[in-house]
Amino acid sequence: MPLPGVPEMSLVPLPRLIVEPLVRAALLEDLGLAGDITSASVIPKDHRSTVVMAARQPGVIAGLDAAELAFTLVDPEIVLRRHVEDGDAVKPGDVIATIEGPSRGLLTAERTALNFLGHLSGIATVTAEIAAAISGSKASVACTRKTTPGLRALEKYAVRAGGGMNHRFALYDAVLIKDNHVAIAGGVAEAIRRARADVGHLVKVEVEVDRLDQLHEAMETGVDAVLLDNMTPDQLREAVAIVAGRAITEASGRVTPATAAAIAAAGVDFISVGWLTHSAPVLDIGLDFIEAAATETSPKRVAQML
């Protein structure tokens, strides 16, 4: 179940075609030219184990497909059984998945699987916190392009798992005229005119403004969306009145769980938050043998989930 106050959304999983190359690259980085020399030397080849991945702090899960691929790409005999799905909230001790198979493969894939799952679940968790803070307003929380190089698709998926929305995916799918574009073009109106003349009719055009006079200029020229950067709630309220429904309004800057509610109350449509993807703390998730898990997590919960 999602966190209280977070809207339930249809979460479409990423195609394996997108996820698998990222997981393969992470495994290759870890295995190098010689493989897991520790497990190969310490663990008998025919030894098998059953382990659990369990939450060690509260949060929202994302990245189970990547975690499962890490195990099965290392050894196809490994079987992962899920007890929660991406987008579900967990408590400390909750078992996320049970994994069974050759012990060498389990230990070889462990860190890569947990790296993906912990990182993406951390993004989903902080997104859910912002989404809960603005619950009841019309605003939605959105991510930005401030993502880990190579992991954007996964990180933006994690934002959706936490109840957020995606902004443009890259430079090619929407026009976002920022302050440097405006400075070089010679003004807001001229930058908008150039963009409109050059891109197709299906491409949305958004312009960033940090002053109300720039906003008036943008609305007179005509845009699909305005990014209201680093404005106070009072300024945002005035900006929303100026736009008067003629464009989508997006607020950015100084957004925290503590400030998000006041920003949303100003009436904006979206609140974009870069740190969702560039600074979210990893959600602490552990992988334990069942015998050890019964002492380190909740014995009753482990017994119920297996």
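The crossing of helices H3 and H4 is right-handed (the near helix is turned clockwise from the far one by less than a right angle). The model is predicted; local features need pLDDT of at least 70, side-chain atom pairs count only at pLDDT 80 or more, and totals for chains, interfaces and linings use all residues. Residues are numbered from 1 along each chain as its sequence is written, and side-chain values use heavy atoms, without hydrogens and water.

Helices are DSSP runs (H or I, at least four residues), numbered from the N terminus. H3 spans residues 64-74. Its axis and that of H4 come within 8 Å and cross at roughly 160°. H3 is therefore roughly antiparallel to H4 (an angle over 145 degrees). Axes are lines fitted to C-alpha atoms over the stretch in contact, and angles run from 0 to 180 degrees between N-to-C directions.

Contact means heavy atoms within 4.5 Å. From H3, Leu64, Ala66, Ala67, Ala70, Phe71 and Val74 take part. They meet H4 residues including Gly105, Ala109, Phe116 and Leu117. The residues of this contact divide into 11 nonpolar, three polar and one charged. Ala, Val, Leu, Ile, Met, Phe, Trp, Tyr, Cys and Pro count as nonpolar; Asp, Glu, Lys and Arg count as charged; the others, Gly among them, count as polar.

H4 (residues 103-133) also packs with H5 (residues 152-161). The angle is about 45°, and the axes are 7 Å apart. Phe116, His119, Leu120, Ile123, Ala124 and Thr127 in H4 meet Leu154, Glu155, Ala158, Val159 and Ala161 in H5. Eight of the contact residues are nonpolar, two polar and one charged.

Terms used:
Helices (H or I, at least four residues) and strands (E, at least two) are DSSP runs, numbered from the N terminus. Angles under 35 degrees count as roughly parallel, over 145 as roughly antiparallel, 65 to 115 as roughly perpendicular and the rest as oblique.
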